[in-house]
Amino acid sequence: MKLATVRGASGPRVGVVVEDDRVLDLQTAGETATGSGDPAFASMLDLIAAGQDGLQRARSVVTDSTGRVETTPLADVTLMAPVPEPAQMRDALCFELHCLFGVFIGRSGLDIPRDSALEHVFGYTIFNDFSARDAQFAEVGGGLGPAKGKDFKGGNALGPWIVTADEIPNPYELEMVVRVNGEERGRGNSASMHWRFEDLIARVSDCEELRAGEFLASGTVGNGSGLEIGRFLEHEDVVELEIERIGTLRNRVLDPARLA
């Protein structure tokens, strides 16, 4: 399934992308199918916490709703980050050539063995960790960890949705493309990951609980950073990150000083 969070009149709503270009409101569909709401459908974090039982109920609702519940054209909804506020976000350096590819954890664990690590993955999405290089260069000399160059409002874009893990049995054969204003600026493949998600999950959970709802990012695929090619983003640039079998994350860069 492709699971999205849609901006609704009363707040975020969990939606399922159906027919590739329409969205089904999961809670509304559940109420129609069963006569009552399902707490697991209240938010994406609730759905993740519900585990495989929650996902199976969601799949059943989608099947039962076909032809019975009205869907909305994807073009007519506003997509939010699939998990507007993840339990935690961690970025890694899994690509040897550089340092977008990310996973949401669906099942908590401690000291997770590498050979069973992918069983803890809820699904896959695209992550664009925008960088304010001017701030980053000014701060990096301090060597004190997280800084404004990587941590600012709007700087961690996720989406457009989560593709559940069963839809991508092998996440290490996906083509990835970076475009700015329609021009291709970089291309890579997840096959070039030096450390895989199994390594990342095992490492992070070593003597530390990895919780359901956390997001783990792989770091940027080689040739996916403007710093590598000496080209930086400008006001009103549209950045597209496309990953095979997931979709396209599209964001517009705006300079607040030029909006006044």
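This is a predicted model: local features need pLDDT of at least 70, side-chain atom pairs count only at pLDDT 80 or more; totals for chains, interfaces and linings use all residues.
Colleague: What makes β4 and β5 edge strands of the nine-stranded sheet?

Modeller: The open sheet runs in the order β4-β3-β2-β1-β8-β7-β6-β11-β5, with mixed pairing. β4 (72-73) and β5 (89-91) each have a single partner strand, so one side of each has no neighbour in the sheet.

Colleague: How do you know that β6 and β11 are paired?

Modeller: Pairing requires at least two bridges between the strands. β6 (residues 101-105) and β11 (residues 215-217) are joined by three bridges, in the antiparallel sense; they therefore count as a pair. Within this pair, F104 is opposite F215 of β11.

Colleague: Why is A75 called exposed?

Modeller: The label needs over 50% relative accessible area. A75 has 74% relative accessibility, so it counts as exposed. A75 sits in the loop that links β4 to β5. Between A75 and G15 the C-alpha distance is 14 Å, with 60 residues separating them in sequence.

Colleague: What makes F197, E198, L200, I201 and V204 one side of α5?

Modeller: These five are the buried residues of α5, each under the 20% cut-off for relative accessible area. Around the helix axis they take up an arc of only 165 degrees, which means that they lie on the same side of α5. In general, an α-helix has 3.6 residues a turn, so residues three or four places apart point the same way.

Colleague: What covers those buried residues of α5?

Modeller: The cover includes β5, β6, β7 and β11.

Colleague: Which residues touch the most other members of the largest nonpolar core?

Modeller: The core has 37 residues, and F101, Y124, F197, I201, L216 and I246 touch the most other members. Two or more residues come from each of β1 (2-8), β6, β7 (121-129), β8 (156-164), β9 (175-180), α5 (197-204) and β12 (238-243). Of the elements, α5 gives the most, with four residues.

Colleague: What does Y124 touch beyond four places away in sequence?

Modeller: Y124 is in contact with F101, G102, V103, L118, W161, I162, V163, A165, I168, P171, F197 and I246.

Colleague: Which residues does the second core include?

Modeller: This separate core has 26 residues, among them L3, A40, F41 and F104.

Colleague: Where does α1 lie?

Modeller: Helix α1 (residues 26-34) is placed across β2 (11-18) and β3 (22-25), at about 55 degrees to β3.

Terms used. Residues are numbered from 1 along each chain as its sequence is written. Side-chain values use heavy atoms; hydrogens and water are left out. Contact means heavy atoms within 4.5 Å. Axes are lines fitted to C-alpha atoms, for helices over the stretch in contact, and angles run from 0 to 180 degrees between N-to-C directions. A nonpolar core is a set of buried Ala, Val, Leu, Ile, Met, Phe, Trp, Tyr and Cys residues joined through side-chain atoms within 4.5 Å. Buried means under 20% relative accessible area, exposed over 50%, partly exposed in between (1.4 Å probe, protein chains only). The arc is that of the directions from the helix axis to the C-beta atoms.
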